[in-house]
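Q: I have a structure open and want to go through parts of it. Can we start with a helix and then look at the sheets?

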Amino acid sequence: MKNIGTGVMIVAAVFLAVVLVILPHNPLLSDNNTPESIETSSNESNPYPENVVNPNSNILNINAYSLNIFISQNKGQDKQPPSPDSPNIAKIVGLFNSYVENLFKNSLIPGAAVVVVYKDQIVYMKTLGVKKVGEFDPIDVDTIFQIGSCTKAFTSTAIGALVDEGLMTWEDTAQQYFSDPNEFTLQDPVATQQANMKDLLSHRTGMHENAGNEHIMDFGYDFMETLYRMRFIESQNVFRTKFAYNNIMVSFAGHSSARAASTTWPQLIKEKIFQPLKMDSSVATYQEYVNSPNHSGTHIIIDGVTYYVDPLNLDGMAPAGSLSCSIKDMSNWLRFQLNEGVFNGQQVVSSQSLAETHTPLIYIGTESDTELWYALGWGVMYTQGQTFIVHAGSTRLSATQVRLLPSEDLGVVVMANEGPEGSKFCELVAHELMSIYLKNQPVDPSVIPGEDMGELQLESTTVQPPATIPLPYPIDNYVGTYYSDYYGNIKFEKVDDINLNLYAGNNSDPYPVTHLNDSIFVDVYHQKNITFSNFENNIPQEVHTDRWDVNGGNGTFNRV
């Protein structure tokens with residue numbers, strides 16, 4: 001997989017990296033692209049500006065690499081005076097800002113952005129760091145980040161808009177929009193016939209958790225090819241009885257809504273969400289993201305070193321994870337979500353439809369004092385007498401956290417342009433905001449629904465021991481194409497006497513494969529064994545891949 005492998009792996013004593021640039025130490029940058037900036041004096045001995053809290057303004061936005069403070073366009077609006085019992089929001093964001101600053105400075109994450117909305121006002125917006133490690137272009141309020149699984153709530157909300165218009169109902173079945181069995185069939189006939197929008201959006205179809213991720217991420221299939229192949233896997237659970245997170249089924253709901261509206265899913269999101277919410281920087285597709293001159297790069301930290309890695313193309317599961325948004329645009333999303341579907345005085349989605357997306361449908365589990373359910377593209381978390389609407393998003397190489405406390409009209413979005421450490425950063429920052437506001441009531445950030453868009457096993461590098469049993473047959477005997485109904489074709493091509501390249505499905509990028517022992521090879525990028533067997537005339541007729549023996553797939557392919 002080029003996106004991961006070419007940027008980060010050192011395996012089998014081979015350094016497999018294309019772009020390896022270490023995060024510079026404390027660059028001092030400025031950003032003059034945001035209107036209404038007020039320049040402050042610099043302190044040459046400290047490249048980070050002093051934290052400034054202005055209780056008379058509605059926003060605190062200090063770029064960690066800038067000497068500018070940005071004032072919200074909400075300033076000057078008439079507001080009701082706070083009641084004596086109201087939280088001191090200026091004090092809260094001041095404490096919060098100190099936490100964000102310190103946490104970011106002690107991380108190796110190249111860039112991040114944070115926004116807090118309170119009672120329909122932006123009270124805090126902050127950008128930190130740079131778009132790409134080793135470069136000096138700072139994150140600003142219009143920089144777009146890939147937000148991964150936080151896309152799901154946009155899909156459910158767009159369906160809510162269609163429900164308002166009478167073009168759909170939440171009980172519409174997938175089969176109404178995909179009636180051709182050559183497009184859609186599951187092994188469970190009940191799920192095939194009865195799975196509706198609520199089932200698809202709440203991960204209760206019975207499908208294996210994460211089934212289909214590999215088809216998009218590794219095999220390069222589009223959505224329709226992936227949906228077709230779901231018929232070749234057994235259900236994991238009885239329909240509507242258990243939660244099992246599945247991006248393909250959520251994507252299925254998004255594509256069903258596009259057919260209901262006689263459009264495409266990206267166009268539906270633009271018309272129903274982006275345009276009315278003035279989310280002018282946000283985009284729905286991979287190509288729009290990489291074409292944007294103001295997009296954040298994607299990264300991974302391994303063994304204390306930050307690497308840039310090419311972003312992932314998630315268009316194959318777009319309604320579950322392909323959106324890219326700026327922190328300024330996400331502030332509008334928060335205001336809309338917390339204001340019962342109203343944005344700038346316009347009822348964009350009815351309060352009834354929006355409330356439906358926040359209504360729990362399937363139980364996930366309980367951890368400590370926290371009970372978690374899943375709604376429609378959102379998690380619902382009950383803890384310490386509070387109800388949070390939450391979701392996390394990760395693309396493996398970027399991270400986002402969205403957390404709403406509707407009873408207090410409070411919401412936060414945190415985005416980072418790195419994967420595993422970025423996810424931790426986003427979780428901790430969102431948790432801290434709510435913790436400060438609620439006077440340190442504990443909320444466990446580790447249970448927030450959401451996931452990266454596929455398996456990630458790159459925290460550290462493992463070098464396999466050298467082969468002790470030589471290849472029993474010439475390397476050419478292992479070359480060829482092998483097939484699985486569920487996964488399709490994989491092809492092995494010779495590199496030299498002990499190395500192969502593996503090509504999966506439609507993916508034109510090779511996975512390097514090196515000999516380990518006997519007829520066992522190892523996938524260099526993922527450190528997973530590949531075992532050839534069932535030899536006829538010294539030629540293997542079967543190969544088993546540990547890498548794809550996951551999520552209900554058995555990982556076995558037969559020679560074509």
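A: Helix H9 covers residues 247-260 in this predicted model. H9 has 14 residues and reaches 20 Å from its first C-alpha to its last, close to the 20 Å expected at 1.5 Å a residue.

Q: Is H9 mostly covered or mostly uncovered?

A: Mostly covered: 12 of the 14 residues in H9 are buried. Among them are Ile248, Met249, Val250 and Phe252.

Q: What sits at the start of H9?

A: A side-chain oxygen of Asn246 comes to within 3.0 Å of the backbone nitrogen of Ile248 there.

Q: And what follows H9?

A: Ser262, with a positive phi near 55°.

Q: New topic. In what order do the strands of the open sheet run?

A: The eight strands go E6-E5-E18-E17-E16-E15-E14-E13, with antiparallel pairing.

Q: Why is one side of E6 and of E13 left without a neighbour in the sheet?

A: E6 (121-129) and E13 (362-367) stand at the edges and each has a single partner strand, so one side of each has no neighbour in the sheet.

Q: Which strand pairs with E13, and over how many bridges?

A: E14, residues 370-374, over five bridges in the antiparallel sense. Within that pair, Gly365 has Leu372 of E14 as its bridge partner.

Q: Which strands make up the closed barrel?

A: Eight of them, in the order E19-E20-E21-E22-E23-E24-E25-E26, paired antiparallel. Neighbouring strands there are turned by 30° against each other on average, direction ignored.

Q: How many bridges join E23 and E24?

A: Four, linking E23 (residues 520-523) to E24 (residues 528-536). Phe521 stands opposite Ile530 in E24.

Definitions and conventions
Residues numbered from 1 in each chain as written. Predicted model: local features only at pLDDT ≥ 70, side-chain atom pairs only at ≥ 80, totals over all residues. Heavy atoms only, no water. Pairing = 2+ DSSP bridges. Helix = DSSP H or I, 4+ residues; strand = E, 2+ residues; numbered from the N terminus. Axes fitted to C-alpha atoms, helices over the stretch in contact; angles between N-to-C directions. Expected span 1.5 Å × (residues − 1). Buried < 20%, exposed > 50% of the residue type's maximum accessible area, 1.4 Å probe, protein only. Polar contact = N/O pair within 3.5 Å; in protein donor to acceptor, adjacent residues only side chain to side chain.
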